[in-house]
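Thanks for coming. I have one structure to go through today, so please look at the screen while I talk.

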Amino acid sequence: MRIAIIAVIVAACAGLPGCREADPISRLEAQVRADPDSPQALVALGDAYMDAEMYHNAYVRYKQARDLSPTSGDALMGLARADDALGNVTDGLEAATAAVEALPDSVEALNLQADLLLQAGRPDEAAANYREVLAAEPSNRDALIGLPTAYLAAQKPAPAEEAARTAVRRLPDDADALLVLAQTLVLQDESAEAETHLRRAAELAPDDARPPFRLAELFIRDGRNLEEAAELARRSADLDAAEGVPASLAAVALQKLGRTQEALEILHEAALNYPRNIRLWLMMATMYRELGDEERAARAAAIALRFAPRRRPGPDPGSAGSAAGD
C-alpha cells in the first residue's frame, strides 16, 4: 500500500511545473555534496539557481567556485551575473572585469562588463566595450542596443542616433532597438518619426509596458493626442503597474484634458496600492489644492511627508566650529 501511495504522488508530481524544475537542482545539489571541491559542479548548480531566480543561492555557489578556481571564467561570469541580479553593481563589475581578463575573446563577458559599467555611471567605457563586441560580431544584439544606450547616458545624442539607426537596420523587428531609436529622436525633437517607431514597437511587443508608456510621454510632452495618451498610460499600467508611475502619467493627461476628478481617482487608487510612492500623494495634494479642497490637499501632503525618507541627524555645525576655535 505504501509503495502504491508513493507511486501516485510521484506520478502526480511529474505533471507539475514546479516538480520538473526542482529535479535538476536536486540532482546538482547531490553532485555538489558528492564532490564539494569541484568548481564545475558548483557552477552548474549556480546556473540552475539563476534559472530558478534563486539569486542569493546562485551567488553562494559561484563564489565557492571562484574561491576554488580564481581564474575560472565560468565562475567569474556567474558571480558577476548573480551580483547584477542582486543589485551589487560594484562587486559585479569587479567580477566581470576579472571574467574579461580570464576570457579575453568572450563577447558575453564584454557585454556583461559593459552593462555593469553603465550601471556604475561609466558610459564611455561601456561604449568602448560594445564597439569591441560589434567589431567581432556586427550582429550581436546586446551590443547593438547597448551602444546607443551608452551614448545616451554619456549625453552624446548624435552618435546615439547613428548607433540606434544601425541597430534598427540590423534588427528591424526588435522592439528594444526601436525604443532606443525613438528615445534618441525624442531628445532631438523629432517627434513624428519617434511616434512611428514607438507604434511599431507596441505592435511587435503587445505585452511590453514600455512602448505605450513612452508614447504617452511623447504626446503629453507635445501637448497632443491627450485622450490617447491617457489610454496608453492606462494600458501600460495594466501591463506593469511599476509602483504607480504609469497611473501618474495617465493622471497628468486627464488633468490637462480638464478631467481632474477622474485624474484624482486614478491617483488615489495607485497611492493606496503603492503608498511609499510619495510623488502620487504630492500630485494628489496639488490637484486638490487647485480644486480649492485644502482639507484633502493637507491630508495627502501629510501622508507624503510620513513616507518621505528621513535624513540621519549629523553633527551640529556650530558645535564643530566652536570646537575648532577653542
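First, the basis. This is a predicted model, in which local features need pLDDT of at least 70 and side-chain atom pairs count only at pLDDT 80 or more, while totals for chains, interfaces and linings use all residues. Residues are numbered from 1 along each chain as its sequence is written, and side-chain values use heavy atoms, with hydrogens and water left out.

Salt bridges, then. The term here means a side-chain nitrogen of Lys or Arg within 4 Å of a carboxyl oxygen of Asp or Glu. How many does a search of the whole structure find? The search finds 28.

Take aspartate 189 and arginine 221, whose closest N and O atoms are 3.3 Å apart in a salt bridge. This pair links distant parts of the chain, 32 residues apart: aspartate 189 sits in the loop between helix H11 (175-187) and helix H12 (191-204), and arginine 221 in helix H13 (residues 210-222). Helices in this talk are DSSP runs of H or I, at least four residues long, numbered from the N terminus. Aspartate 189 is exposed, at 59% relative accessible area, whereas arginine 221 is partly exposed at 40%. For those words, buried is under 20% relative accessible area, exposed is over 50%, and partly exposed is in between, with a 1.4 Å probe and protein chains only.

A second pair is arginine 199 with glutamate 228, a side-chain salt bridge at 2.9 Å, N to O. Arginine 199 lies in helix H12 and glutamate 228 in helix H14 (residues 226-239), so this pair ties together parts 29 residues apart in sequence. Both ends are partly exposed, arginine 199 at 30% and glutamate 228 at 29%. Salt bridges with shared partners join Asp189, Glu195, Arg199, Arg221, Asp222, Arg224 and Glu228 into one network.

Arginine 66 and aspartate 67 also form a salt bridge, with the closest N and O atoms 3.1 Å apart. Arginine 66 is partly exposed at 24%, and aspartate 67 is partly exposed at 45%.

Next, helix H7 (residues 107-119), which holds glutamine 113 and asparagine 111. Is glutamine 113 buried or exposed? Glutamine 113 is buried, at 11%. Its side chain makes a polar contact with the side chain of asparagine 129 at 2.7 Å. A polar contact is a pair of N or O atoms within 3.5 Å; within protein, one must be able to donate a hydrogen and the other to accept it, and residues adjacent in sequence count only if both atoms are side-chain atoms.

Asparagine 111 is buried too, at 4%. Tyrosine 130 is 19 residues from asparagine 111 in sequence and 6.5 Å away in space, C-alpha to C-alpha. Apart from neighbours within four places in sequence, asparagine 111 is in contact (heavy atoms within 4.5 Å) with Tyr130, Val133, Asn140, Asp142 and Ala143.

Last, the helix pair. Helix H15 (residues 245-256) packs with helix H16 (residues 260-273) at about 170°, the axes being 8 Å apart. Axes are lines fitted to C-alpha atoms, for helices over the stretch in contact, and angles run from 0 to 180 degrees between N-to-C directions. H15 is therefore roughly antiparallel to H16, a label for angles over 145 degrees. Residues making the contact include Ala247 and Leu254 of H15 and Ile266 and Ala270 of H16.

Conventions: Helices (H or I, at least four residues) and strands (E, at least two) are DSSP runs, numbered from the N terminus. Angles under 35 degrees count as roughly parallel, over 145 as roughly antiparallel, 65 to 115 as roughly perpendicular and the rest as oblique.
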